[in-house]
Amino acid sequence: MRVTGPFGRSTSLARQLLVLQVGLLVVVMLGVAVVDAVLDVRRDEAAAAQRVLGVAESLALSPTVQQVAAQPGTVQTRSAVLQPFAEAVRAETRLSFITIMAPDGTRWTHPDPSQVGGTFLGSREPALQGRPFTETYTGTLGPSVRAVVPVLSGDGDGSGDGDGASGGEVVGLVAVGVTTAQLNEEFLRSLPLPVALLAALLGVSLAGSALVSRRLRRQTHGMASDDIERLRSSHEAVLHSVREGLLVVDPDGRVGVANDEARRLLGLDHDPVGVPVAELPVATSVRDVLVEGRPATDETHLTDDRVLVVSQSQVEWTGRRHGAVVTLRDRTELEALTGELDSTRALSEALRSQAHEAANRLHTVVVLVETGHPERAVEYAVEQLELSQRLTDRVLEAVEEPVVAALLLGKTAQAAERAVEVRVDEASHLPADLAGAPGSARDLVTVLGNLLDNAVDASAGPEPADGPRRVDVLLRPDGEDLLLRVDDTGPGLPAELVATAFTRGWSTKVSTSVAGRGLGLSLVDQVVRRRGGTVEVLPRGDDDGPAGGSPDGPGGSAGAAVRRRTGTRFEVRLPLAGLR
C-alpha cells in the first residue's frame, strides 16, 4: 500500500521539510512563551514586593498612624480613625489590602470590616524587632505578596538598622499586600501585546519557511526523500560500474564528479572533486579540452602511457549552462593492435606484390626456355634469387628479433612499391634478448614502424635533384641504450616545427580515415617517455652514406660521391635495462 501521509513516500522532500519547520517553530515559540511567562510572573512578584514595601514604609512614617498607635485606646476608637485612612490609600494605590495592627497582631484596619479586631495571619517577628520584611503568605484574602513594617514611637524613622535598634519603641505594625490573584489578572491584561508580537514573528517565520520550501521543491523537482535516496544509490552504482571514465565539470571549472575509471585512465592518485580542471596533473592536450569546455566527439589524446578517446558535451537546463560531461575511453590496446594489424597488412601487401613479381619472372624464364635461350633463363633466375635473398639475409643477420625483422622486411617491400629504397645499415645489430621483456617487442614495433612510415612518406615525393629516394635504418646497442636511427631524403623538417611534430594531430598529410592522422610521432613520443628514453630530430648529414656509418666505413662506399642537403634524421635512445 502506498503511503500518502505528510511523511509518506509520495510527499515531496520540500513538503516534509515545511511540516518539520512549522512543527519546530510552533514548539520553539510555545517554549519561548512559557519561559517568558514564568519570568514575567517572577518579575511581577518582585516588583510587587518592592511596591508594597514602599507603601508600608510610607504609612509607618505617617503622623496619623504614629499618633493613633502611640496613644492608648480601644480597637474601635483606633479603627474609626485608621480604617478610612487606610482604605483611601489602598484605593489610590490599587493594592489588595492595608492592615494596621497592634504589636500583638490585633487588626485595627482591614478591607473586610468584619475582620477588624481579629488576629493578623502572617509573620510579625522581624518587624517586632524593628526590621521591615516581605513574604508570600496565604491570609484571609488568599495567597498574597506582602510587606510588614514596624511603626515606631518618638523619633524612630521606622526603618531600623537591621539589628533591632530602631531609635524608638514598636507601637504598631503596618502590613501592605497584593494578592496573587490580582497579580495574575494584571499579567493577563498585559498578554495581548506580547502574544500579538509572537504571532507576528511566527507568521513571518512560517512565510520564510514556505519560501524556502518552494525553492527547495523547485530545485529538487518535487522529488520525495525516497526518490532522492534511490536516485543517489543508482547514481553511485552506475558511476562506479561503467567501464568508461566519467568526469563532470561544474560551471566554475571545477571537477564535480569523477568515477574510478576516470581516475585510473588519467593517472590521478587522489579524488579530484573540487579541484579546478586547470590544475589537474593530466596531459596538456586533455587539460586544454577540459579548460576550454568546447564540444568534442571521440578525439584521440595521448597521455604518458595511454591513448584516450575523449568526448565532451555541455549540459544545459532551462537555458542555463550547468557545466560539462566528459567521457574517457581507453584505446591503448586497440591502438597497439591496430599498429600490429597495419604491419601485418603491409607484410601481406608486400607478399602479394612479390608473388605478382615472381609470376612475372617465372613467365619470363618460361618464355626464354621456349625461345631457345635456356642459358639466359638460368642466368636470369639466379640473378633475381640472389637479389631477393641478399636483402632477406641482410635483415635477418642484423635483426635477430623476428617481430622487428618481419616489420623491416614488410616496410622494405611496401616502400619499394612507392619507389623508395629502405637500407639497413651494416652496423645494425639487434639481439633477440633485447626485446625479451613483456611489451618490449610491441614498443619497438611502435617506434620503428611509425618512424619508417614517416620517413617513407617524406621520401616518396618527387625524386630529389641531388640524390635518390631512400630511407636508412640503424639499430644497435650503444652503451646502456638501444639506438634507433632513421634517415630520410624528404624535404626536411623545419626547426620551429620539431616540437609540434610530436603533438597529437600534427601531420603534413590529409586525413582519409575516421580516426584521423597525426598519431604516429605522438605514439613514438609516448613510448619514449614511458621507457625513460630520448628522441632527437636533426638534419640529415651531408654525406650519402648510411646513417651511423661514414663515406669510407662499412656501408659508406655505395654512393659516397653523392652530396645532398635535404632530409631529416630521427634518433631514438631507449634504456637497454627496460627492454631485456
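The model is predicted, so local features need pLDDT of at least 70 and side-chain atom pairs count only at pLDDT 80 or more, while totals for chains, interfaces and linings use all residues. Residues are numbered from 1 along each chain as its sequence is written, and side-chain values use heavy atoms, with hydrogens and water left out.

Start with the whole chain. The protein chain has 15 helices and 14 strands. Both are DSSP runs, numbered from the N terminus: helices are H or I with at least four residues, strands are E with at least two. Of the 580 residues, 39% count as buried. Buried means under 20% relative accessible area, exposed means over 50%, and partly exposed lies in between, with a 1.4 Å probe and protein chains only. Now take the contacts in the chain with a separation of 6 or more: residues 24 or more positions apart account for 59% of them. A contact means heavy atoms within 4.5 Å.

Four strands form an open sheet in the order 1-4-3-2, with antiparallel pairing. Two strands pair if DSSP finds at least two bridges between them. The edge strands are strand 1 (97-101) and strand 2 (133-139), and each pairs on one side only. Neighbouring strands here are turned by 30° against each other on average, direction ignored. Strand 3 and strand 4 (residues 170-179) run antiparallel and are joined by nine bridges.

Helix 5 (residues 180-189) lies across strand 3 and strand 4, at about 40° to strand 4.

Stay on strand 3 (residues 142-152) for a moment, and look at Pro150 in that strand. Is Pro150 buried or exposed? Pro150 counts as buried because its relative accessibility is 0%. Pro150 and Leu61 are 89 residues apart along the chain, yet their C-alpha atoms are separated by 9.4 Å.

Next come two helix pairs. Two packed helices are described by the angle between their axes and the distance between the axes. Helix 2 (residues 63-70) and helix 3 (residues 75-93) pack at about 160°, with axes 10 Å apart. That angle makes helix 2 roughly antiparallel to helix 3. Angles under 35 degrees count as roughly parallel, over 145 as roughly antiparallel, 65 to 115 as roughly perpendicular, and the rest as oblique. The crossing of helix 2 and helix 3 is left-handed. In a left-handed crossing the near helix is turned anticlockwise from the far one by less than a right angle; clockwise is right-handed. Thr64, Val65, Val68 and Ala69 in helix 2 meet Arg78, Val81, Leu82 and Phe85 in helix 3. These contact residues divide into six nonpolar, one polar and one charged. Ala, Val, Leu, Ile, Met, Phe, Trp, Tyr, Cys and Pro count as nonpolar, Asp, Glu, Lys and Arg as charged, and the others, Gly among them, as polar.

The axes of helix 13 and helix 15 come within 9 Å and cross at roughly 145°. This crossing is left-handed. Residues of helix 13 in the contact include Val447 and Leu451, and those of helix 15 include Val524 and Val527. The contact of helix 13 with helix 15 has six nonpolar, five polar and three charged residues.

Strand 11 (residues 470-478) and strand 12 (residues 481-488) pair in the antiparallel sense over eight bridges. Asp472 stands opposite Asp487 in strand 12.

Strand 11 and strand 12 form a hairpin with two residues between them. Gly479 in the turn has a positive phi of about 70°. On to strand 14: seven bridges join it to strand 12, and the two run antiparallel. Why is strand 12 largely enclosed by the rest of the structure? Seven of its eight residues are buried, so the rest of the structure largely encloses strand 12.

How values were computed
Axes are lines fitted to C-alpha atoms, for helices over the stretch in contact, and angles run from 0 to 180 degrees between N-to-C directions.
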